[in-house]
Each structure stands twice: as C-alpha cells, then as structure tokens.
Amino acid sequence: ATDISPLMIIKANRRSTVHRPTHFDVIGVKRFDEKGKLTGEHVFIGHFTATAYNRTPRQIPLLRQKVERLLERSGFAPSSHDGKALTHVLGTYPRDELFQSSDSQLFENAMGALHLSIRPRTKLLIRPDRFGRFVSCLVYVPRERYNTELRQKIGDILAEEFDGRVATWTPSFDEVLARVHYVIALQGKVASKHDAAAIEARILDAVRSWGDHLRVALVERMGESEGNRLHSAYGEGFSPSYRDEFKAVSAIADIEKMERLGCDSDLELKFYRRLEDPERNVRFKLYRLGRSVPLSDCLPILEHMGFRIQEEHPFRIDRDGEEIWMHDFHMQSADGSSIDLTTVRDN
C-alpha cells in the first residue's frame, strides 16, 4: 500500500527562487537493509517538470498504478459509467494531490468529488499534511457564485479555522462548479480532529447570496407560503447599494412597510435607531410608491421638528414591476439633546 511505500512525495516549506516561485517538490526514497529495517533515505529536491502536470495519470507509472488501485477499491468496472466518471475525477484532480495523497486519503476525497458530479453543491474536502505543516483544502462552489470576493472570504474562513494562512490557491472550473485548491500553512501542528461539517457550514453561509439569505429569513418569519411569495415579489428588486448597506434580515421590516403601499396609503414612515447610535441620533425611513420624494419637501418639515439632517440615501426598489422609493435619513437633534423615539413617532 502507498501508506507504507518506500517512496514519499511531499512539498517543502521553502519556495524556489529559480524557475518558478512555488514550493519545492521533495521526493524521498527510503533505504532498507537485508532484514527490511529502515536505514536511511535518499532525498531529491526540485520541481516536477511541466510533463508531470500535462500528461494524463495513465501516462505516469506511479499515478497509473494509484488510479488502478483506487478503481479496484471502488468496485467499479473500468468500462462502467461510474468507473469512467471516477477516472475522469482522478484525471482532473489537482496533480500535486495525486502525487502526495495516500491511497486512503485520495479514495475518500475522490469519491466525495465523484458524488458532486451527480449532485452539484458546495463541498469541502480536507487533506492534512502528514507532518502537520499545512492542510490541503478543495472547495467546490456553484460556478455562477464564484468571484474574487468569495474566494478571499473562503480563504479567510479556512485560515481562521486552521489557525494558519493561505499559502497558495488555485481555481479551476467545469460547466457547473468552480473548484479552488487552498493550501493553508499552519502556525503550529494541525489538530488531529477538526469539525469539517462546521467549517463547510461557514463556507456555505458565505456562498449564499444576499437573496438566498433573504428567502431563508422571510420563510422563517412569515412561513413557507408567504415567505416565498414575498421573496418572489421583492427578492430581485433590491439594488446593489441597498444590499451593501443593509443585511438581508433587516430588509424584512422594510418589506412589511412596503406591503402597505398601494393598499392603505402611498406613503409609509419609520423612525429607528441602530444599537451603535448615540441617544441624540435617529434614523428615518420614508417609503413612497411610484416616485421619489423631493428633498425640498422633506427637509423643512424635519428641521422644523428639531432635527439636523446629516445624510440622506435614496434606494429604488422594484416590487413586481412597481417602483418604490425608500429615503433613509440620518439625523441628529439640533440642540444635541437625547431623542425619545416614542415621541418622535407620534409627531
């Protein structure tokens, strides 16, 4: 078995300063005496050539034998659909992972990748380095969700969870999924036990779009039928500027206000304060159906009520083709005194 093989292939801690700035490849060949006792090791340090990465595993004896062992272990006939699918997974697998993984590690992760071809979804596959220097992580996400921001966010999650840093990352794509191979360099030794499911849950939360979070929040608050109806009406209607300013769960209160527009009135109001706001500050949302409200109509009234307007942010929201404008005013009491929200709402 490869686990007790006299051949060892790993990555060095040090990066090369020639040829290409990647970590050195290390090949160790163990020496044994006539009785089979380990007496030493020959170590070769350098880089695999491009040929080692460009050829198929079938054309590299070491990898060909490993692929054959994994196919035999899977129980799939090489000519069967599952056998061909597993062969494809191994053929497109990160080449360094093929060289460095033990048979058991590679089999477990390759089967996990195989299941993704049947049911594509967000998935994390982990392989700890045998010497505790790094953790190799394969992260699969829907291709349409992949972007630079998500790649950095997932890297931050992995670095935090394993108490290390992102040493390298390499993306690849198929028709449905994007795969990013992260190598996390560790500060100390990796814990023998890690909660892969909890880490994967954090990644799944990062992959979910703002609209996905809104749907979940609406269903939890309103029930499945009403939540899905409201998501259908508003889910795609919030502008990028709104999504940047407000969390999805915060949009529920705005949706509740906007649901009244066109039924009870064409104008809705909301005074509120965030937890971090001082007592002299207050925020005011003004909702209007059909068109925005001119600032020249709003400011005199608000100033007459004793407010000094600091900022105003307009947001256009689409509700099944209907235009709704929400104006978000950030205000402060003109004399610097505390503001009683109850009194303000009554006025």
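Which residue in β5 does L124 stand opposite? Select the pair and you'll find V139 facing L124. Before going further, note that this is a predicted model, where local features need pLDDT of at least 70, side-chain atom pairs count only at pLDDT 80 or more, and totals for chains, interfaces and linings use all residues. Residues are numbered from 1 along each chain as its sequence is written, and side-chain values use heavy atoms, with hydrogens and water left out.

**Stop 1**

Helices here are DSSP runs of H or I with at least four residues, strands are runs of E with at least two, and both are numbered from the N terminus. Two strands count as paired if DSSP finds at least two bridges between them.

Now count bridges: β4 and β5 share 6, antiparallel, while β6 (residues 164–173) and β7 (residues 177–186) are joined by 9. Follow the chain from β6 to β7 and you pass through a hairpin of 3 residues. Click P171 and look across to V180 in β7, which stands opposite.

**Stop 1: what packs on that sheet**

Then pick L158 in helix α6 (residues 148–161). Is L158 buried or exposed? L158 is buried, with a relative accessible area of 0%; buried means under 20%, exposed over 50%, and partly exposed in between, using a 1.4 Å probe and protein chains only.

Show the neighbours of L158: not counting residues up to four places away in sequence, L158 touches L124, C137, V139, Y182, I184, I199 and I203. Contact means heavy atoms within 4.5 Å.

**Stop 3**

Select 81–92 for α3, whose 12 residues reach 17 Å from first C-alpha to last, close to the 16 Å expected at 1.5 Å a residue. That expected span is 1.5 Å times one less than the number of residues. Colour G83, A85, L86, V89 and L90, the buried residues of α3. Looking down the axis, those buried residues fall within an arc of 165 degrees, so they line one face of the helix; the arc is that of the directions from the helix axis to the C-beta atoms. The face turned away carries the exposed residues H81, K84 and H88.

What covers the buried residues of α3? The cover includes α2 (61–74), α4 (95–100) and α5 (103–118). Zoom in on L86: leaving aside neighbours within four places, L86 contacts L70, L71, S74, F76, A110, M111 and L114.

L86 also belongs to the largest nonpolar core, which has 26 residues; L86, L90, Y93 and Y140 have the most contacts inside it. A nonpolar core is a set of buried Ala, Val, Leu, Ile, Met, Phe, Trp, Tyr and Cys residues joined through side-chain atoms within 4.5 Å. α2, α3, α4, α5 and β5 (134–142) each supply at least two residues, with the largest share, 7 residues, from α5.

**Stop 4**

Select α11 (residues 251–258) next: 6 of its 8 residues are buried, among them A251 and I252.

Finish at strand β11 (residues 322–333), where 10 of the 12 residues are buried, so the strand is largely enclosed by the rest of the structure. β9 (residues 281–289) pairs antiparallel with β11 over 9 bridges, and L289 has I324 as its bridge partner. β10 (residues 307–319) also runs antiparallel to β11, joined by 12 bridges; there, H313 stands opposite D328. In the hairpin of β10 and β11, with 2 residues between the strands, check D320, which takes a positive phi near 50 degrees.
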